[in-house]
Amino acid sequence: MSQHKPKKAAPAPIKLQSRFTFQRLLTGASLVAFFAVACTVLDAIKSRWYIFDPPRMHALCKEAIAQHGNDTVSIINHIVSTLSESYPSYAINTPFSDPTSPLSITAEGTVSGYTPNEAEWVWNNAGGAMGHMFIIHASITEYLIIFGTPLGTEGHTGRHTADDYFHILSGEQWAAKAGALEMERYPAGSVHHLPRGQVKQYKFHEGGFALELAQGWIPLMLPFGFADGLSSTMDLPTLWQTTYLTGREMIGNLLHGKI
């Protein structure tokens with residue numbers, strides 16, 4: 001008598017579930033909407049964290065130039081010293097000169113014996129232009145630097161998330177928008193304001209220095225400042241020094257509540 005083996009039941013079909021469920025799409029859309037609203041609100045109130053006033057910075061630069069003429073180091077010392085007296089010490093970085101070789105300063109404020117503080121001055125290659133800078137202040141919403149070169153330089157301003165105020169201390173800056181048939185000229189004592197989102201070609205003709213104030217979202221400007229170093233000069237020590245100095249100032253200000 002033959003025995004029949006029971007037939008095995010067919011396996012149940014596997015149902016593939018899409019990763020893009022309605023719930024996940026709704027969650028993602030909610031997060032994007034929240035992020036957009038948060039960015040809009042923060043952008044609208046960012047000015048409450050500013051500590052520098054552009055007209056006041058312009059007046060300070062004109063005062064320094066009136067007192068010291070073409071003496072750039074005395075102009076810089078006047079600006080840095082005045083800022084250190086007007087703002088909290090944590091907000092202002094002052095040692096632009098080598099502290100092991102103190103400056104000699106007369107009663108009129110004229111400086112002699114200047115030796116650059118190599119730990120604080122750093123090269124800056126950005127937009128094809130090259131100069132060096134001293135960071136006076138850096139935070140999430142503002143930076144204030146001395147930037148320039150005695151040789152002259154030319155490049156792209158960058159299109160930034162901040163308003164940029166270039167207070168000319170020495171030399172003359174030239175600039176032009178796309179389509180301009182005549183250049184803009186900014187001599188010592190003037191200020192070149194580049195509104196957020198705008199872009200120009202600029203040139204420091206035969207060298208010059210400026211006090212540069214940027215107000216807006218500073219971290220979003222940093223890739224422009226690093227791009228040439230990563231793609232062209234490959235100057236890794238300078239990139240590290242720039243990162244260190246910027247981070248030191250930003251974190252120091254954050255720890256004191258300055259955004």
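In this predicted model, the axes of helix H2, which spans residues 54-68, and helix H3, which spans residues 72-86, come within 9 Å and cross at roughly 135°. Two packed helices are described by the angle between their axes together with the distance between the axes. Angles over 145 degrees would count as roughly antiparallel and 65 to 115 as roughly perpendicular, and H2 and H3 are therefore oblique to each other. Their crossing is right-handed. On the side of H2 the contact is made by Arg56, Met57, Leu60, Cys61, Glu63, Ala64, Ile65, Gln67 and His68, while H3 brings Ser74, Ile75, His78, Ile79, Thr82, Leu83 and Ser86. Sorted by class, this contact has 8 nonpolar, 6 polar and 2 charged residues.

The next space to consider is the largest cavity, in which about 630 Å³ of space lies. Of the 33 residues that line this cavity, Asn124, Ala126, Tyr143, Glu212 and Phe224 are the closest to its centre. Among the elements that give two or more residues to the lining are strands S3, S4 (129-138) and S10 (201-216), as well as helices H4 (222-233) and H5 (236-255). The largest share, 6 residues, comes from H4. By class, the cavity lining has 17 nonpolar, 13 polar and 3 charged residues.

Note on methods
Residues are numbered from 1 along each chain as its sequence is written. This is a predicted model: local features need pLDDT of at least 70, side-chain atom pairs count only at pLDDT 80 or more; totals for chains, interfaces and linings use all residues. Side-chain values use heavy atoms; hydrogens and water are left out. Axes are lines fitted to C-alpha atoms, for helices over the stretch in contact, and angles run from 0 to 180 degrees between N-to-C directions. Helices (H or I, at least four residues) and strands (E, at least two) are DSSP runs, numbered from the N terminus. Angles under 35 degrees count as roughly parallel, over 145 as roughly antiparallel, 65 to 115 as roughly perpendicular and the rest as oblique. A crossing is left-handed if the near helix is turned anticlockwise from the far one by less than a right angle, and right-handed if clockwise. Contact means heavy atoms within 4.5 Å. Ala, Val, Leu, Ile, Met, Phe, Trp, Tyr, Cys and Pro count as nonpolar, Asp, Glu, Lys and Arg as charged, and the others, Gly among them, as polar. On a 1 Å grid over the protein atoms alone, a cavity is a set of points where a 1.4 Å probe fits but cannot get out, and a pocket is an open set with protein on both sides within 12 Å along at least five of seven lines; lining residues have an atom within 4 Å of a point. Grid points are joined across faces, edges and corners, and a volume is the space filled by probe spheres set on the points.
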